[in-house]
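Here is a short report on one protein chain and its ligand. Keep the sequence and the 3D view at hand as you read.

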Amino acid sequence: MIEISALGKDYSGKKVVDGLNLSVASGELFGFLGPNGAGKTTTIRILTTLTKPTSGQVLINGIDVARDPGRVKSEFGVVQQHLSLNRDLTIAENLELHARLHHISRDERNARIAELLDFVELSEHADYVIDEVSGGIKRRPMIARALIHRPKLLFLDEPTVGLDAQTRRRVWDLIRRMNSEGATVFLTTHYIEEAEALCQRVGVLHHGRLIALDSPKNLRQKLGEVAVEMHLNGNGTEYKYFLDRARASQFIQTLPSTERVVMRETNLEDVFIELTGQKVMGD
Ligand SMILES: Nc1ncnc2c1ncn2[C@@H]1O[C@H](COP(=O)(O)OP(=O)(O)OP(=O)(O)O)[C@@H](O)[C@H]1O
Ligand SMILES: [Mg+2]
């Protein structure tokens, strides 16, 4: 569905996307994980024709994005990182406007808007003006809008940023449902648990480069599935990873008894720290 070859983007001589090669298969739920400034939005903008790459090529469903931007737009829907709804219009009017842009006939428009509002559980909010609804609700009409022309591919840039835990889970369920109904989903996130909970495969992006690409499970296995945290009395924490609990226990027995030690399952945050020496979300 998506073929990215040697993609590069420079801003004032700085490589923001740096030699990116990546394929996403039809039906995949793929996650692009990386810290602020890693180049996630720039990549999505290139994939959705909004930004021109400095080098490289992108094919979506076999169509060259740079050569045929008009045609490729009908292949995908996109939910941008920042709110891009018309704030003075109602939820239904925003969808209506977008359906017209896609030249969807009037009868078809009404049917689809009703169906999509139901899908994102906003039927009762159809006549609410965007400016008057809570931040938690605003993401859902954006998703409905991106689906109005029934694309088989959906780009979601930080779909749950700023949402509370409960709303985030609703959006996760929505994304899973779209994927199980056949849509290919390409999302970006800097939430480790989001990538872990949702994505079949994760690409880890750091300074514009793909530094790891695999399923969350394989990424954890490569590092070792059991993590040992050693808390060094006010001098930070050291981590070691082991294939199994037996080996981890053996190691713990060699430590001085004064050391505070925690044994737990390895997670994607550990993978990220090991690969980059940094946390995904700076704290
Ligand atoms: N139009 C632009 N002009 C100049 N620099 C830009 C532009 N857009 C992005 N950048 C820079 O490119 C780098 C990558 O930005 P990008 O928005 O792609 O990162 P991101 O991974 O989406 O980050 P975030 O998690 O904060 O959304 C940043 O250093 C950013 O300042
Ligand atoms: Mg971004």
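## Contacts and overall build

Two residues are in contact if their C-beta atoms, placed from the backbone, lie within 7 Å. Take the contacts in the protein chain between residues at least 6 apart in sequence: 65% of them join residues at least 24 apart.

This is a predicted model; local features need pLDDT of at least 70, side-chain atom pairs count only at pLDDT 80 or more, and totals for chains, interfaces and linings use all residues. Residues are numbered from 1 along each chain as its sequence is written, while chains are lettered from A and ligands numbered from 1 in the order in which they are written.

The protein chain holds 10 helices and 13 strands. These are DSSP runs, numbered from the N terminus: helices are H or I, at least four residues, and strands are E, at least two. Along the principal axes, the C-alpha atoms fill a box of roughly 75 × 45 × 35 Å.

## Around ligand 1

Which residues surround ligand 1? They are Y11, V16, G34, N36, G37, A38, G39, K40, T41, T42, Q81 and H190. Each counts as near if its C-beta atom, placed from the backbone, lies within 6 Å of the ligand. Helix α1 (residues 40–47) gives the largest share of this shell, three residues.

## A strand in the open

A residue is buried if 20 or more other C-beta atoms lie within 10 Å of its own, these atoms being placed from the backbone. Of the 283 residues in the chain, 39% count as buried. Strand β13 (residues 260–265) has six residues and the number buried is zero, so β13 lies largely in the open.

Strand β11 (residues 226–231) pairs with β13 in the antiparallel sense over six bridges. Pairing requires that DSSP finds at least two bridges between two strands. In β13, E265 is the bridge partner of V226.

Definitions and conventions
Buried ≥ 20, exposed ≤ 12 C-beta atoms within 10 Å, placed from the backbone.
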